[in-house]
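Please read it alongside the coordinates.

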Amino acid sequence: MTDHAVPPAWAPILAPVLDRPEARQLGGWLRAEEDAGRTIYPPRGQRLRALELTPPDAVRVVILGQDPYHGPGQANGLAFSVAGSQKLPPSLRNIFKELEADCGTPPPPGGDLTRWAEQGVLLLNNALTVEAGAAGSHQKRGWEPITDAVVAAVAAQGAPTVFILWGSHAQGKADRIGLSDDGPHCVIRSPHPSPLSAHRGFFGSKPFSRANAFLSEHGRGRIDW
């Protein structure tokens with residue numbers, strides 16, 4: 001399925017879905033794409049980085065994205081995050097604008113969100129790879145059952161968790177959370193932070209302070225955004 005082993009903490013959770021034919025086909029398809037000379041992002045070794053940095057029992061917040069950035073050197077395995085000193089993509093720039101308006105936190109010097117992941121923010125894309133220059137090119141190639149299983153497993157643990165769903169693709173995973181009126185989780189929905197939709201309700205949605213208020217109320221601390 002992937003270029004390296006599933007992180008040990010996630011392996012028992014994902015074993016059933018990885019045994020399915022579509023997961024095995026995904027691995028073969030990715031290898032064939034690379035053998036044909038196509039560039040795939042993020043590079044090998046970083047495709048399961050969100051799971052490596054945030055084991056299931058550490059997850060406090062889930063932020064869902066669509067697929068990795070498709071420009072050279074951008075994707076680093078975390079949704080919305082960019083590697084090193086890369087120029088901020090428009091969506092991430094808007095995320096930082098909302099963070100400053102919401103919490104008074106000035107924009108960080110770069111767009112690497114590793115610090116969030118290490119605090120229990122699972123930055124998960126719907127598809128974990130993409131072809132260079134072709135947004136959405138790896139959708140419906142076999143990643144979705146895997147990332148569905150990740151979301152469902154986090155929700156099933158029962159620990160009060162915040163799910164931040166930006167845009168229609170992320171909101172399409174809401175049924176994996178198993179929401180109920182007396183459920184333990186907080187789901188924050190808003191338009192996507194891209195320039196096409198941010199002014200339709202993303203700005204002013206206060207996801208960061210709302211997430212921390214919920215976590216504090218349920219004894220799970222706060223994220224240092």
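Predicted model: local features only at pLDDT ≥ 70, side-chain atom pairs only at ≥ 80, totals over all residues.

1. The largest pocket. Its volume is about 270 Å³. A total of 18 residues line this pocket, and those nearest its centre are Gln66, Asp67, Pro68, Tyr69 and His192. By class, the lining is made up of 10 polar residues, 7 nonpolar residues and 1 charged residue.

2. Lys140 in relation to Gln66. Gln66 is one of the residues nearest the centre of the largest pocket. Lys140 sits in the loop that runs between strand S4 (130-131) and helix H6 (143-156). Is Lys140 buried or exposed? The relative accessible area of Lys140 is 77%, and the cut-off for exposed is over 50%, so Lys140 is exposed.

3. The cavity. How many cavities of 30 Å³ or more are there? The count is 1. The largest cavity holds about 80 Å³ of space. Its lining has 13 residues, with Arg47, Gly77, Leu78, Asn125 and Leu128 nearest the centre. Two or more lining residues come from each of helix H3 (49-53) and strand S3 (121-125). S3 provides the largest share, at 3 residues. The lining of this cavity divides into 10 nonpolar residues, 2 polar residues and 1 charged residue.

4. Ala127 belongs to the loop between S3 and S4. With a relative accessible area of 0%, and buried meaning under 20%, Ala127 is therefore buried. Ala127 and Gln139 are 12 residues apart in sequence, and their C-alpha atoms are 5.9 Å apart in space.

5. Packing of H1 and H6. Two packed helices are described by the angle between their axes and the distance between the axes. For helix H1 (residues 11-18) and H6, the angle is about 140° and the axes are 10 Å apart. Angles over 145 degrees would count as roughly antiparallel, and the angle here is about 140°; H1 and H6 are therefore oblique to each other. Their crossing is right-handed.

6. The cis peptide bond. Which residues does the cis peptide bond join? Tyr41 and Pro42 are the pair, with omega about -10°. Pro42 is placed in the loop between strand S1 (40-41) and H3.

7. Positive phi at Phe80. Phe80 is a residue other than glycine, and its phi is positive, near 70°. The residue lies in the loop that links strand S2 (61-65) and helix H4 (90-103). Phe80 counts as buried because its relative accessibility is 9%, with the cut-off for buried at under 20%.

8. Positive phi at Lys206. Lys206 is not a glycine either, yet has a positive phi of about 55°. Its position is in the loop between strand S6 (186-190) and helix H8 (207-217). Is the side of the scale here buried, exposed or in between? Lys206 has a relative accessible area of 39%, so this residue is partly exposed.

Conventions
Residues numbered from 1 in each chain as written. Heavy atoms only, no water. 1 Å grid on protein atoms, 1.4 Å probe; cavity = no way out; pocket = protein on both sides within 12 Å on 5 of 7 lines; lining within 4 Å. Points joined across faces, edges and corners; volume = space filled by probe spheres on them. Nonpolar A, V, L, I, M, F, W, Y, C, P; charged D, E, K, R; others polar. Helix = DSSP H or I, 4+ residues; strand = E, 2+ residues; numbered from the N terminus. Buried < 20%, exposed > 50% of the residue type's maximum accessible area, 1.4 Å probe, protein only. Axes fitted to C-alpha atoms, helices over the stretch in contact; angles between N-to-C directions. Parallel < 35°, antiparallel > 145°, perpendicular 65-115°, else oblique. Left-handed = near helix turned anticlockwise from the far one by under 90°.
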